Amino acid sequence: MSSPKIQKDIVSACAQEIMKAIIDDLDGDYFGILVDESKDISHHEQMALALRLQAEAFSSKIKAFEFVFLLHLMLKVLIMSNEFGKALQKKDQDNVNAMVFLDITKERLQEMRDKGWEPLMDEVYLFCTKHDILVPKMEEFYIPGKSKRRPSSVTYSHHLRVELFYAVIDLQLLELNSRFDIVSSNLLLGMAILNPANLFANFDKERIMTLAKHYPDEFGELKLRDLSRQLDTFIWHMQHGDPRFSDLKGIGDLAKALVETNIVETYSLVYLLVKLTLIYLSQLQRWKEHSQL
């Protein structure tokens, strides 16, 4: 064991076994090994090994046709939802615009699903031709990346169109429809009507009543009747120049002003609806922050 020759043979055998284990574990992926010496706390020299994983493999993947296709597809989807995303990030007074852009986004996504396949493929073909990226034959069977060249039972055309193109767009539409169903959209639009900016210019009794009906546990038939009566007085009061309510910027300002002027009890049901609206807005804001993560 003290013979240098025997030591080298042992190191060589260990290296071969380690190399074999690494290759099996990486399943044919690219790798590199960095070796260096360092001293530990007892001043004995130690050999340090580092496994470098996958820059070359990643480089080859980003030059693949499927990767290019996905980049172009996601770029189009993000562009279509950009205006809606910007409107949604603004304050509650922009909820009307947010709902307008929501409808536009869903219509454009559906139009892309129905008519956008060939234009997208044309763009991808041009890009691949310009950058010398191999374009597979669409009628051939698709070969998944980790299949070791074993083809699947679907063609490239089917994989790209059904499993990627349709799937991505359908997922986006499903997310938009689930996050912003009819009830949520009506709530957001109703919140815009409650905004006190510009001397309560947006206030509309009928739409405020519609908003209240989305809270059946809080606004039963009798309370809806009482709310209707309160709104008649409240809207007239707010739109006829009470200076204490003349410079409000949002629903939060309205709630604060109602408390500070000590007229919460007079407009108790209006104040309740304002509070419910603020709660919903805070939940929506948390969802926005979570989505950005």
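Buried means under 20% relative accessible area. Keep that cut-off in mind for these close-ups, which all come from a predicted model.

**View 1. A255, tucked into helix α12.** A255 sits in helix α12, which covers residues 251–260. Its relative accessibility is 8%, so A255 counts as buried. What does A255 touch, once we skip its neighbours within four places in sequence? The contacts are Y271, V274 and L278.

View 2. Is H72 buried or exposed? With 16% relative accessibility, H72 counts as buried. If you ignore the neighbours within four places in sequence, H72 is in contact with L120, E123, V124 and F127.

**View 3. D170 meets R113.** Time for some charge: side chains of opposite charge can pair when their charged atoms come close. The model has five salt bridges by the rule used here, and one of them joins D170 to R113, with the closest N and O atoms 2.6 Å apart. D170 belongs to helix α7 (residues 156–179) and R113 to helix α5 (residues 95–115), so this pair ties together parts that are 57 residues apart in sequence. Both partners are partly exposed: D170 has 31% relative accessibility, and R113 has 24%.

**View 4. D232 meets K205.** In this close-up, the side chains of D232 and K205 form a salt bridge, at 2.8 Å from N to O. Which parts of the chain does the pair link? D232 is in helix α11 (residues 221–239) and K205 is in helix α10 (residues 205–212), and these distant parts are 27 residues apart. D232 has a relative accessible area of 46%, so it is partly exposed. K205 counts as partly exposed too, at 28% relative accessibility.

**View 5. D242 meets R244.** Our last stop is another salt bridge, this time between D242 and R244, whose closest N and O atoms are 3.0 Å apart. How do the two partners sit in the model? D242 is buried, because its relative accessible area is 12% and the cut-off for buried is under 20%. R244, on the other hand, is partly exposed, at 45% relative accessibility.

Notes: Residues numbered from 1 in each chain as written. Predicted model: local features only at pLDDT ≥ 70, side-chain atom pairs only at ≥ 80, totals over all residues. Heavy atoms only, no water. Buried < 20%, exposed > 50% of the residue type's maximum accessible area, 1.4 Å probe, protein only. Contact = heavy atoms within 4.5 Å. Helix = DSSP H or I, 4+ residues; strand = E, 2+ residues; numbered from the N terminus. Salt bridge = Lys/Arg side-chain N within 4 Å of Asp/Glu carboxyl O.
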